[in-house]
Amino acid sequence: MSSEKVNVLIVEDESIVAMDLAAGLERDGYHVAGIADHAAEAIELFKKQAIDILLMDVQIIGETDGIDTAAELIKIRPVPVIFLTAFTDAKTVERVKKICPAA
């Protein structure tokens, strides 16, 4: 078994939530490769590092939301995405399912 940590990119526009997620992940043995609060920053961090998994808020700062940002990132390099959201309306769920069919 490899001793390398799993690299996680957190995309969350609420800094206190992002910091809490990062602390919990680090405590559990993951490596937080970065925290972004908007699409352009997420894409830049993703391209610079070997990200293994995305924690993606559906609502982030800017015109491009988390769902569209995740779609762009997995075109660059397929990785698992865990969406974070309080929105459970049918439209949001259907958009997520197009990105992650098992959702």
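Guide: A search of the whole structure finds four salt bridges. Bear in mind that this is a predicted model.

Visitor: Which residue forms a salt bridge with Lys48?

Guide: Glu44 does, and the closest N and O atoms of the two are 3.0 Å apart. The cut-off for such a contact is 4 Å, so this pair counts as a salt bridge.

Visitor: Where do Lys48 and Glu44 lie?

Guide: Both are in helix α2, which covers residues 39–48. They are four residues apart, about one turn of the helix.

Visitor: How do I read aromatic rings?

Guide: A pair of aromatic rings is described by the distance of the centres and the angle of the planes. Here the count comes to zero aromatic pairs.

Visitor: What lies over the face of Phe46?

Guide: Arg77 does, at 4.2 Å from the ring centre.

Visitor: Which residues make the nonpolar surface patch?

Guide: Ile16, Val17 and Met19 make it, and the patch has an area of about 290 Å². Met19 belongs to helix α1, residues 15–27.

Visitor: How many helices and strands does the protein have?

Guide: There are four helices and four strands. From the N terminus on, their order is β-α-β-α-β-α-β-α. The radius of gyration is 13 Å, close to the 13 Å that the globule rule gives for 103 residues, so the protein is as compact as a globular protein of that length. Along its principal axes, the C-alpha trace spans about 40 × 30 × 25 Å.

Visitor: How should I read the confidence values?

Guide: Where pLDDT is low, the predicted coordinates should not be read in detail. For this protein the mean pLDDT is 91, and 94% of the residues reach 70 or more.

Visitor: Where is confidence lowest, and where is it highest?

Guide: Confidence is lowest in helix α4, residues 90–99, with a mean of 85. Strand β1, residues 7–11, has the highest, at 98.

Terms used: Residues are numbered from 1 along each chain as its sequence is written. This is a predicted model: local features need pLDDT of at least 70, side-chain atom pairs count only at pLDDT 80 or more; totals for chains, interfaces and linings use all residues. Side-chain values use heavy atoms; hydrogens and water are left out. Rings of Phe, Tyr and Trp (its six-membered ring) pair if their centres lie within 6.5 Å; planes under 30 degrees apart count as stacked, over 60 as edge-to-face and the rest as tilted. A charge sits over a ring if NZ of Lys or CZ of Arg is within 6 Å of the ring centre and within 35 degrees of the ring normal. Patches are made of residues with over 30% relative accessible area and no salt bridge: like charges are joined within 9 Å, nonpolar side chains (Val, Leu, Ile, Met, Phe, Trp, Tyr) within 5 Å. Accessible areas come from the Shrake-Rupley method with a 1.4 Å probe; for residues, only the protein chains shown count as cover. A salt bridge is a side-chain nitrogen of Lys or Arg within 4 Å of a carboxyl oxygen of Asp or Glu. Helices (H or I, at least four residues) and strands (E, at least two) are DSSP runs, numbered from the N terminus. pLDDT is the predictor's confidence in each residue, from 0 to 100. The radius of gyration is taken over C-alpha atoms; the globule rule is 2.2 Å times the number of residues to the power 0.38.
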